[in-house]
Amino acid sequence: MSKIKAVFFDRDGTIIKHVHYLSNPNEVELISGVKRFLSFLKTNKIKLFLHTNQSGVERKLYKIEDVYNCNARMIELLDLEKDIFTKICIAPNLKKIKKNYRKPSTLFANEIMNEYNYSNSEVLYIGDSECDLQTAVNIGCTGFALNYNFKKFEKNFKKDKNIFFYKNWNEIYDVLKKQINDR
């Protein structure tokens, strides 16, 4: 992994605890250790991006405004800065569409990498699901799996030398702190 300039984050199960089809901001709860990690990245001038699949919108289980409200609550709980994420991509679709941002699509990451002139070796993708890791593989960047139950998909990515598995944010913090401090 070369010098990391940008980190893409999944939302549900990565930054906040997973709630099936989350639509109520009162149910938003941060995952332990994430606030310290995001603060560390911002202090080191690493740009943060959020990429979240929200098929509940197309399924008509909730509205896009509910997603915005849950994101606002997450940012409020992080209590770091209102624009902690340089850009947020919400993929509300379920069906395949022509301009598809739904993970494992690389469209959002490629747009950001082009806009900021990042190479895939300068980008890190962190998520808790197979589609998050597949997005990292599709981009050709390093992927960190943050998942308490990743055994179910670990075998699919164990051979990939750019995918790493961690139990919690403290493990990821220690790895990146060492890398950033060794620059």
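Trainee: Where does Tyr21 lie relative to the helices and strands?

Mentor: Tyr21 lies in the loop between E1 and H1. Those labels are DSSP runs numbered from the N terminus: helices are H or I with at least four residues, strands are E with at least two. Before we go on, this is a predicted model, where local features need pLDDT of at least 70, side-chain atom pairs count only at pLDDT 80 or more, and totals for chains, interfaces and linings use all residues. Residues are numbered from 1 along each chain as its sequence is written, and side-chain values use heavy atoms, with hydrogens and water left out.

Trainee: Which residues have a positive phi although they are not glycines?

Mentor: Start with the general rule. Most residues other than glycine have a negative phi, and most peptide bonds are trans. Here, Tyr21 has a positive phi of about 50 degrees, and Lys60 has one of about 65 degrees. Lys60 sits in the loop between strand E2 (47-53) and helix H2 (64-78). As for the peptide bond, Lys103 and Pro104 are joined by a cis one, with omega about 20 degrees. Pro104 is in the loop between E3 and H3.

Trainee: Is Lys60 buried or exposed?

Mentor: Go by relative accessible area: buried is under 20%, exposed is over 50%, and partly exposed is in between (1.4 Å probe, protein chains only). Lys60 comes out at 72%, so it counts as exposed. Tyr21, at 30%, is partly exposed. Thr14, in the loop between E1 and H1, has 0% and counts as buried.

Trainee: What is Thr14 in contact with, leaving aside its neighbours within four places in sequence?

Mentor: Contact means heavy atoms within 4.5 Å. For Thr14 the list is Ile31, Val34, Ile126, Gly127, Asp128, Leu146 and Trp169. A polar atom of the Thr14 side chain also lies 3.3 Å from the backbone nitrogen of Asp128.

Trainee: How do I read a helix such as H6, and which of its residues are buried?

Mentor: Check the span first: the expected value is 1.5 Å times one less than the number of residues. H6 (residues 169-181) has 13 residues and reaches 18 Å from its first C-alpha to its last, close to the 18 Å expected. Its buried residues are Trp169, Ile172, Tyr173, Leu176, Gln179 and Ile180. Among the elements covering the buried residues are strand E1 (6-9) and strand E4 (123-127).

Trainee: And E4, which way do its residues point?

Mentor: Val123, Tyr125 and Gly127 point one way, Leu124 and Ile126 the other, and all are buried. With five of its five residues buried, E4 is largely enclosed by the rest of the structure.

Trainee: In what sense does E4 pair with E1 and E5?

Mentor: Two strands pair if DSSP finds at least two bridges between them. E1 and E4 pair in the parallel sense over four bridges, and E4 and E5 also pair in the parallel sense over four bridges. Phe8 stands opposite Tyr125 in E4, while Gly143 is the bridge partner of Tyr125 in E5. The chain crosses from E4 through helix H4 (residues 130-139) to E5, and this β-α-β crossover is right-handed: with the strands pointing away from the viewer, the path from the first strand over the helix to the second runs clockwise.

Terms used. A polar contact is a pair of N or O atoms within 3.5 Å; within protein, one must be able to donate a hydrogen and the other to accept it, and residues adjacent in sequence count only if both atoms are side-chain atoms.
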